[in-house]
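Have the sequence open as you read.

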Amino acid sequence: MNKSAPKLQRRLRPVALKDVSLTGGFWKKRQDSNRTVTLPIEYQQCKNTHRIDAFKLDWKPGQPNQPHHFWDSDLAKWIEAVAYSLTTHPDAQLQSQVDQVIDLVVSAQQPDGYLNVFFTVVQPENRWKNLRDMHELYCAGHLMEAAVAYFQATGKRKLLDCLCRYADHIAQVFGPGKDQIPGYCGHPEVELALMKLYDATGMDRYQKLAEFFVTQRGRKPFFFDQEADARGDKRVQWHQTPEYFQAQTPIVKQDKMEGHAVRALYLLSGAIDVAAATANDRLLTACKRLFDNVVDQRMYITGGVGSARHNERFTTDYDLPNETAYAETCAAIALALAAHRMLHIDPDGRYGDIMEKALYNGVVSGVSLKGDRFFYANPLEVDYDALTTQAATLSAFRQPWFDCSCCPPNIARLLAEINQLFYSTADDSIYVHLYGDNCARLQVAGGAIALQQKTRYPWDQTVQLTIGAKSPARWTLALRIPGWCDQHRISINGKLVRIKPRRGYAYISRKWSDGDVVRLELPMEVRLMQTHPLCRNNSLRVAVQRGPMVYCAEQVDNGPEMAALAIPQKARWTTHSDPKMLDGALTISAKAVKQDIAEWRGQLYRTWKKPKTTPAKLKLVPYCLWGNRKVGIMRVWLPLLPAC
């Protein structure tokens, strides 16, 4: 297959999923539970809710279980997750199961290539008439991603050929031509999916279509108003302005990340890919500007994004409420993947820091340790006594599924593919972005290199990397030095070396031999984190972080009166790991103080005076693991005891 489009302008190359194997530790445990618990559960949920059987196209009006207009995307993400899992853990039974599902999906394709259950059996007369609300292109994008992943995992082309036919159909329907629709999806996603299809097939028409969707958005007149007029519908309402759809102006002119958080970050990811493929510096500059706006003014300390539950959207700079934070799991996933894309164009450790922050905190918080229950939103403060008196069990707030169930299969596919986020390569360099037990088989300087990591990261500061090579060769090992680490140490074969990081990476250039050992020390002191003064919600509060992990306080450890607890500025922290608690995660404790509640008896307000306090013990757990024991209060940001 030939590519006539410009070569991808990436400075780094992604590493194939099959070339990295997790061998233990934090991510291996989560990936194992994802494979053995989450994927079977999600299949059964798709079966029970008729998401799978809907592709039989036998639903009739008046019957129950009417297909929903984004059901296709949920099943597509499950297929994609299975594809990644089969890449790293071949499983004949699982492959047979997914092959049957794929056969059913392909059987639903229409003669002209169209593939969408809802608009085939429920509203066939409305195909492509409501791009604003009905997710047709969004569903198509997730099916494309699943097709590419399954082809790469198995070499089987059935789903890939099906989705190529669908993409060809879409390319005929949409575009700048006289008889084409000059529109785009209300929920961006197809843009990044088309770029994956382009990379997999070499067909430049898919890249051109992705570019059209990215650059058409924001042009005047506003397409969704024209579309609504054509179907005799209401134009967008006050809560769905052009900003909500990232369509207030072309993306190259945007300077704030606006609207629905997941949609915005999917669009950003697609735009980054298009900018790389077309060497579009203006578009890339806009992508960097928008990414910076998110992480510098609109991101929670957990890597969560999207501060408003209403419309799941960004609001304004520094508006980061804790208890009403939406911080959808899908949005944190999208942020991590956007950061990973930026790393390949611009190898700056800052992007790796954001990817790590989101993965360890705002992403993996979305699924229980066991892998059977999920969060859709990920707030930073919860008071269940105030919200409900019915939350008596854990199941009351971690859910087994959702009517709008985008998050469970999304986190399943992320955990199944996380291996390929650890490394990137250049002609003469290997970049290490993430740390964890794994074995990688990489190509650098014209030769094959085996790289093994041994570490208890993120609980322990030591990472050992062992080089395997058939013959000595000169190349560069680039180790990300996290922004939270002030004093790193590196030794090679037991000898300390001093390397000053450049843009977040320590570059070690030398002739490497088989058996060389690099030891990286990333001291993990407990840090009290404060927020920007304009973030009104966290005035005189601190969050606690150790290494990449943000910590929180739960009622099960600290009692129901947590609001009265305060952290001394010079608190002395101790760490503890109990294999019977939260799978051995590292917890941290310190002596704190608690206001005397008794002296307030009979009073709600009083003239200020120094409060009476009593000693108390504060115990914190990683934020990503909260909600795995008992229902109760949770806080990330805690009051700081004044020095006086």
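What follows covers salt bridges first, then cysteines.

A word on ground rules: this is a predicted model, so local features need pLDDT of at least 70 and side-chain atom pairs count only at pLDDT 80 or more, while totals for chains, interfaces and linings use all residues. Residues are numbered from 1 along each chain as its sequence is written, and side-chain values use heavy atoms, with hydrogens and water left out.

**Salt bridges**

Side chains of opposite charge can pair when their charged atoms come close. Here a salt bridge means a side-chain nitrogen of Lys or Arg within 4 Å of a carboxyl oxygen of Asp or Glu. Searching the whole structure turns up 46 salt bridges. Here are some of them:

| Pair | N to O distance |
|---|---|
| D225 and R235 | 3.6 Å |
| D353 and R480 | 2.5 Å |
| R606 and E599 | 3.4 Å |

Take D225 and R235, whose side chains meet in a salt bridge. D225 sits in helix α9 (residues 223-230) and R235 in the loop between α9 and α10 (261-278), so the pair ties together parts that are ten residues apart in sequence. Helices (H or I, at least four residues) and strands (E, at least two) are DSSP runs, numbered from the N terminus.

How buried or exposed are the two partners? The cut-offs are these: buried is under 20% relative accessible area, exposed is over 50%, and partly exposed is in between (1.4 Å probe, protein chains only). D225 comes out buried, at 15%, whereas R235 is partly exposed, at 44%.

Now for D353 and R480, which form a salt bridge at 2.5 Å, N to O. This pair links distant parts of the chain, 127 residues apart: D353 is in helix α13 (residues 349-363) and R480 is in strand β9 (residues 473-480). Both D353 and R480 are buried.

As for R606, which pairs with E599, its relative accessible area is 22%, which makes R606 partly exposed.

**Cysteines**

How many disulfides does the structure hold? Counting a disulfide as a pair of cysteine sulfur atoms within 2.5 Å, the tally is zero.

C162 is in no disulfide, and its nearest cysteine sulfur, that of C164, is 9.2 Å away. C162 is also buried, at 3% relative accessible area. Then there's C624: the closest cysteine sulfur is in C552, 8.8 Å from the sulfur of C624, which is too far for a bond. C624 counts as buried too, at 1% relative accessibility.
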